Amino acid sequence: MKKFDYHIPKSLEEALSLFKSLENAKYIAGGTDVLVNIKRKKESPSHLISLRNIDSLKVVEKKDGLKIGSCLIHQELLKIEEIRTYYSALYDALTKLGSKQIRNVATIGGNICNAAPSADTACPLLVLDAQVVIFGEKGTRMVPIDDFFEGPGTVAKEESEIVTSFELPSFPKYTGSAYIKHTRREAMDLAMVSAASRITFAAEDQSLLRDFLSSKGVEELDKELKNYPLFVKEARIALGVVAPRPFRAKKAESCLEGKFLNEETLREACEKAAEEAQPRDTIRGEAWYRREMVKVLTKRTILLSVKRAIEMCS
Amino acid sequence: MPISTQIDKIDAYDKVLGKAKYASDFYMEGMLVGALLRSTRPHAHIKRIDVSKAYSLEGVVRIIQAKDIPGENSFGIIRKDQPLLCDKKVRFIGDPILIVLAVTEKVAKEALRLIEVEYEDIEPILTPSDSERSPILIHESGNLLTHKKVIKGNVEKGFSESDIIVENTYITTWLDHAYIETESGFGYMDGNGRIVIYSSTQNVHYKRKEISRILALPEEKIRVVQATTGGGFGGKLDMTIEGYVALSVYLTGKPILIRYSREESFLVSTKRHPLYIHYTTGAKKNGTLCAVKVSIIGDTGPYASYGETVCLRAAIHATGPYEVENVYVDSKMFYTNNPISGAMRGFGVPQIAFAHETQMDILAESLNLDPLYIRMKNGLKRGSKTATSQILEESVGYLETLERIKPFWLERKKGKDRGFGLGSMFYGMGNTGITNPSWAELKLSSDGKVVLYTGVCDIGQGSDTVLAQIVCETLGIDVSKIEIVRADTDYTKDAGSTSASRQTYISGKAAYEAALKLRSFLEREGFYSGKKLKDIFEKYKDMGMPVFDGFFDPPTTKLDPETSSGKPYATYAFATHMTEVAVDSSTGYVKVLKVHAAHDVGKAINIQNVKGQIYGGIAMGIGFALMEEFVPGKTKSFNTYYIPTSLDMPEVDVFIVESEEPTGPFGAKGVGEPALIPSAASIANAIYDATGVRIFELPCDMEKLKLLLERKRERG
Ligand SMILES: Cc1cc2nc3c(=O)[nH]c(=O)nc-3n(C[C@H](O)[C@H](O)[C@H](O)COP(=O)(O)OP(=O)(O)OC[C@H]3O[C@@H](n4cnc5c(N)ncnc54)[C@H](O)[C@@H]3O)c2cc1C
């Protein structure tokens with residue numbers, strides 16, 4: 001492994017000016033991607049600037065949605081009750097990311113900035129309409145997460161810029177979201193395919209949702225849908241590992257958004273999602289299988305989102 | 001009493017406290033680190049090697065090539081067909097060509113990149129069938145490593161008497177041992193000019209023999225000691241780093257450390273043999289087996305390693321734990337330019353068990369019989385005659401393993417997408433049809449303890465603890481009263497390898513024999529009427545403390561060269577697993593939920609160790625059945641080689657059957673390999689139960705199962 005110098009700034013400004021003054025520098029948070037890349041000789045920075053001692057990167061703010069600092073480790077995020085309750089897709093992802101050892105050092109900022117097609121928190125943030133807050137020479141700016149991912153390992157920011165936090169809007173309570181990561185084993189595995197979705201129903205449907213819940217129909221959700229014409233106000237579907245970047249399957253979303261949810265619209269959405277996917281054959285999985293799994297996972301995340309939305313209305 | 005009670009593993013505390021010393025933990029002033037240059041070609045002549053640039057790199061001390069080897073440039077457990085360093089020809093990607101010694105590992109590895117090797121490629125042979133047909137020879141002796149047969153009765157007659165014949169082909173692939181500690185060794189020259197090696201190994205005396213041949217030094221000039229070893233599973237039976245370390249010490253006089261990175265370990269460690277098994281079974285309507293005919297073709301890679309053992313052992317175990325009147329097994333191993341296949345937990349038997357257990361389930365279904373019933377009906381028992389015509393006289397607990405599983409089998413309730421499967425096995429303890437003795441010695445020490453000198457390598461399975469328990473039980477002393485000197489060629493006698501599930505049975509018996517002698521000595525000396533060990537030691541201090549030795553070689557016979565008839569093993573272990581799985585039929589994902597595992601171990605000397613082996617065997621079985629696959633040229637590290645994690649473990653209920661083996665210590669046999677053998681088979685059968693899809697090729701990963709499920713759906 002190549003030698004590098006390690007710097008521990010205490011503030012954003014200090015970090016930024018260090019980055020500017022040093023040759024061939026790189027930010028590091030938990031290091032679980034950076035160090036692996038250095039070892040594999042994918043990159044060889046001369047200076048690593050740690051972001052871990054900057055307090056402002058560890059904020060949690062709970063008004064009008066949720067703001068989470070980029071340097072929070074996954075294991076800390078798991079403890080935030082609001083994530084579990086209102087942003088379930090993100091919670092699902094956090095429980096499945098790496099292993100406890102990894103979750104105890106790795107950060108959400110690192111996961112997003114590393115921008116792997118398999119990054120577990122990416123699809124959840126996409127369906128949760130997250131805004132990426134970025135600090136740089138010109139001050140602070142916000143970028144919708146959908147515009148932030150550019151390609152494998154590339155994101156829409158200057159190298160010197162620091163992602164400070166992610167802002168999640170607050171959703172109406174008749175909203176549910178879910179993330180499913182498809183792996184060969186129960187832990188320590190990157191997704192072979194992943195999917196997240198969010199479904200927000202119309203306010204007028206609340207009593208219907210309550211009926212649905214009390215009917216116990218949620219147990220056999222897909223079969224019961226025809227008895228409850230639920231109107232989808234907003235639908236989000238995001239897919240991982242089946243394109244150069246985690247992306248929103250917008251055609252699939254439009255199969256649902258502004259429509260009634262039933263077997264047919266659900267099937268159409270899954271078919272469209274599979275069409276939008278561009279999976280490849282790799283040693284981790286074959287393309288045909290990945291495409292098939294997009295259908296399966298899309299359906300499952302939507303149903304899980306619906307179930308959660310219904311349960312929120314109890 | 002020490003045996004059969006819950007006692008902690010002797011080595012556990014040092015390991016969790018970080019005190020245990022693994023080979024890579026050794027350091028000495030002036031130590032050099034070695035790195036190996038390896039072939040990038042599967043099959044090629046070496047035309048030219050240029051090391052000049054590497055020599056000019058600062059920190060490079062010495063580059064060692066084949067021509068520097070003073071003795072023979074070859075090794076191999078059975079057949080010496082593997083060069084220590086290749087000079088004329090390379091036979092697989094990873095074949096070692098030279099050693100760079102440098103002041104640090106980093107410099108040594110950097111130097112490797114500066115070495116130029118000019119190859120002249122030879123067409124690589126990548127399948128056994130190409131190996132059989134190709135005029136290109138991997139070794140001058142030909143591409144067939146070995147050909148064995150097991151013949152009993154008249155198989156054609158057996159088929160003609162059968163009401164039903166079931167014929168299928170089963171395929172398995174390469175697996176990696178994936179031990180937690182990669183291959184590693186440290187060596188130095190002591191004050192008397194002797195070469196001392198500490199290595200991560202499953203045997204020390206064999207390694208000393210090989211080093212002696214390679215260096216043309218008498219064995220007395222070499223000492224091999226086992227460092228604390230982080231797992232072996234058969235991968236540390238062959239020479240790994242020992243030869244390179246010894247040669248480097250010999251040529252430089254310096255302390256040397258060589259250790260493999262995980263990537264290097266994956267590249268060059270031996271693998272489980274991929275076997276192609278064509279299996280035909282004939283049976284009567286009532287389920288009685290009439291005939292079994294099996295053809296086994298194996299890919300042994302470029303060097304023999306344990307290929308001959310796997311070839312024969314798979315053949316001998318081909319019927320499974322069933323009595324079959326007419327048997328014909330034809331087993332062949334071919335050289336290829338793939339990775340070296342060698343010993344791996346079970347020597348071919350886990351593969352063949354996958355085949356015979358699936359056959360049994362297919363038979364049961366075709367005949368409308370219960371899978372447990374058909375196993376009961378044909379199961380080996382006292383007086384049964386095996387495929388090698390051996391009459392089993394004692395310790396045949398197979399039917400009892402079925403009995404123990406039976407209540408759970410009969411009560412099983414199948415949920416949606418759930419399934420249950422059985423898997424059974426028998427497994428011969430120790431080496432096949434050859435002598436495989438062990439010695440042990442006991443002495444008293446000045447501080448009033450009993451010291452056991454044993455050549456057994458404890459690679460984590462717990463032989464230190466088990467041997468201590470056997471000695472303490474025999475002597476009637478507490479386990480705190482014993483010390484162990486383990487696996488050191490200067491102080492311990494040859495106990496054979498830690499392999500073939502043999503150490504508790506064979507070396508345990510040797511330790512028991514030694515303890516009996518010590519016991520009668522202690523009786524005479526008044527120990528049992530209150531005299532202290534310390535005082536007994538004092539009494540003999542000046543006359544010389546007597547040494548009490550024990551010896552055991554299990555009674556086996558040489559096998560008939562044509563039919564393999566004879567007594568290949570003195571005794572066998574038996575087991576049955578019942579496994580429950582849940583199958584996600586949309587994705588092909590299989591989750592193993594619960595295993596009931598019944599094992600006839602003769603006697604459980606240490607219950608916790610027995611259970612530990614069974615849990616580990618099941619974990620490995622899950623890997624074999626569902627996810628592990630070494631793809632030559634593609635699999636580089638754990639990044640793409642999937643082994644199960646703790647979260648993939650099912651709940652396991654262990655049932656210990658103790659059908660005592662009269663020749664074993666307190667009746668003990670072994671459990672190390674048996675723990676794994678029925679696991680994958682029972683998973684495959686459970687998948688069938690859940691889905692109606694038969695698995696003929698392992699691993700049954702998600703894609704494969706999904707494809708099979710789709711095909712079944714299409715057929716309707
Ligand atoms: C064994 C193992 C298992 C893993 N399993 C998973 C898994 O299951 N799922 C998964 O998604 N990932 C997994 N990963 C990858 C990795 O752990 C995650 O991506 C993790 O979230 C990265 O966070 P980090 O803090 O360690 O990032 P680092 O490695 O510190 O940084 C990653 C990248 O982001 C940049 N960066 C970090 N923080 C900021 C910031 N605030 N502003 C600007 N740039 C920044 C760094 O410069 C670097 O380019 C695994 C990694 C390992 C080693």
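Student: Where is A:Met188 found?
Tutor: A:Met188 sits in the loop that runs between strand 11 (175-182) and strand 12 (193-201) of chain A, where helices (H or I, at least four residues) and strands (E, at least two) are DSSP runs numbered from the N terminus. This is a predicted model, in which local features need pLDDT of at least 70, side-chain atom pairs count only at pLDDT 80 or more, and totals for chains, interfaces and linings use all residues. Residues are numbered from 1 along each chain as its sequence is written, while chains are lettered from A and ligands numbered from 1 in the order in which they are written.

Student: And what is the phi of A:Met188?
Tutor: Its phi is near 50°, a positive value in a residue other than glycine. Most residues other than glycine have a negative phi.

Student: Is A:Met188 buried or exposed, or in between?
Tutor: A:Met188 is partly exposed, because 17 other C-beta atoms lie within 10 Å; a residue is buried with 20 or more other C-beta atoms within 10 Å of its own, exposed with 12 or fewer, and partly exposed in between, the C-beta atoms being placed from the backbone.

Student: What about B:Ser501, buried or exposed?
Tutor: B:Ser501 counts as buried, because it has 27 C-beta neighbours inside 10 Å. B:Ser501 lies in the loop between strand 19 (482-486) and helix 14 (503-525) of chain B, and its phi, for a residue other than glycine, is a positive value near 50°.

Student: Switching topic, which residues does the cis peptide bond join?
Tutor: The cis bond joins B:Leu698 and B:Pro699, with omega about 0°, and B:Pro699 is in the loop between helix 17 (677-691) and helix 18 (702-715) of chain B.

Student: Back to chain A, how is it divided into domains?
Tutor: Chain A has domain 1 (5-50), domain 2 (55-168) and domain 3 (175-312), with bounds that come from an automatic or database domain assignment. The contact between domain 1 and domain 2 of chain A takes 10 residues from domain 1 and 15 residues from domain 2, two residues being in contact if their C-beta atoms, placed from the backbone, lie within 7 Å.

Student: Which element gives the most on the domain 1 side?
Tutor: Helix 1 (residues 12-21) of chain A gives the most to the side of domain 1 that touches domain 2, with 5 residues.

Student: How many helices and strands does chain A have?
Tutor: Chain A has 14 helices and 15 strands, and its C-alpha trace spans about 65 × 45 × 35 Å along the principal axes.
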